[in-house]
Amino acid sequence: MKVGIITLSCAYNYGAVLQAYATQQFISHAGYDAVLIDYITEQYQIDNKDFVYKATVRWRKNVLTRLIWKYTKHRNDLIRRDFFRAFVDANIRKTKIYFSNEELKLDTPDCHAFISGSDQIWNTDFSWDRKPDLPFFLDFVPDDRKKIAYSSSFGEAHMEPETKEEVRTLLSRYDAIAVRESSGKKLIEEMGLSARVVLDPTMLCDHKVWEGLAAKRLVKQDYVLLFQINPNKELIKSAKQFAKSKNLRLILLSANPAHKRVLGPGAVYMPKVEEWLSYFKYASYVLTDSFHACVFSTQFNRQFAAYVEERNIKRISSVLHLLGIENRMIQNATYADLAKVYDGEIDFIQVNNKLNELQTDSGDWLLKQLSAGKSREDERQ
């Protein structure tokens, strides 16, 4: 049985490519023929000659601003795109590239079942018109094929009533829906549909998958690892104080070379995906504002603290609540708050037991939906 997976695999970050990798790994290991549907959503079609006009008001003003964009932000995005694309090309089996819902409808991948996968694929704030990105809602999939949502996320989306109604119509075609956060489950239930909360694919996979993918230890001495999606100077200052109090080295890690203006030249920029995992695997402590950095800190049993703001609190709090470690969150970037969190160690025996239960529950749910799809396909043939 061939299963098509569509997710935000084209994004320029570690979490995006690793959750796509994890979904395919899990489904393939269960005996299915899993393939990633290689859809590049409009916000990542940076080679399009009209991209600067669609993407930003700031840089499209005149010839000079467009030239500045071309040789600064655009060049940086090209580097990041090619960097993360290299991992996808080397590690994930995929279809040809699609750039629109129309292309997918004209040449739909020949799969028995389709899964719209994890990450913020349903966040309408990511679309330039604030409308649903139709391929991520499986709009291109024929009615007679199985349609499953696994660990999909709305993020912090703010939908107008008419947009919410359009989303409800799209989701009503699904055979089964599972989301990543309790806030997503609540939103879907408000639409009159049903959903359940499951683990992100990076947590669904056993930790041995990540142990095998991670590179060898890269830093000899013990260290505190700080990985930020949105660099915060006060958080950096607090991390330095904490590392000094423990007589440890501080390593700043970034997925974006543009962060040099805040992090400085001493940070580690865009290590290979396998090396990025290694930094988490061997850290003594981790401090982060990233959902997936929290996930891998958990998978490698690292003591960590999660810095949350309005933009990320739902994503991070939901998964930490599932694991019973909500107390790892801090909302102030002060040294006192950080030290207080680290004063209490995570009991990973309890966390791992809980994670194992959740892995079984989420995995069984997904395989049950696929099995039902297989039976229906046998009947159809």
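Find Tyr307 in the structure: across from this residue, in strand 13, stands Ile330. The strand that holds Ile330, strand 13, covers residues 329–330 and runs parallel to strand 12, with two bridges joining them. To get from strand 12 to strand 13, follow the chain through helix 14, residues 313–323; this β-α-β crossover is right-handed. Keep in mind as you look around that the model is predicted.

Now turn to strand 11, another partner of strand 12. Strand 11 spans residues 285–288, and its pairing with strand 12 is parallel, over four bridges.

Let's look at strand 12 itself, which runs over residues 303–307. Are its residues buried or exposed? Five of its five residues are buried, so the strand is mostly covered. In a regular strand, side chains alternate between the two faces of the sheet. Here, Gln303, Ala305 and Tyr307 point one way, while Phe304 and Ala306 point the other way. Residues on both sides are buried.

Finally, how confident is the predictor? The protein chain has a mean pLDDT of 93, and 97% of its residues reach 70 or more. Residues 375–381 are a stretch to read with this in mind: there the pLDDT is below 50. In the model, this stretch has nine contacts beyond near neighbours in sequence.

Technical notes: Residues numbered from 1 in each chain as written. Predicted model: local features only at pLDDT ≥ 70, side-chain atom pairs only at ≥ 80, totals over all residues. Heavy atoms only, no water. Buried < 20%, exposed > 50% of the residue type's maximum accessible area, 1.4 Å probe, protein only. Pairing = 2+ DSSP bridges. Right-handed = clockwise from strand over helix to strand, strands pointing away. pLDDT = per-residue confidence, 0-100. Contact = heavy atoms within 4.5 Å.
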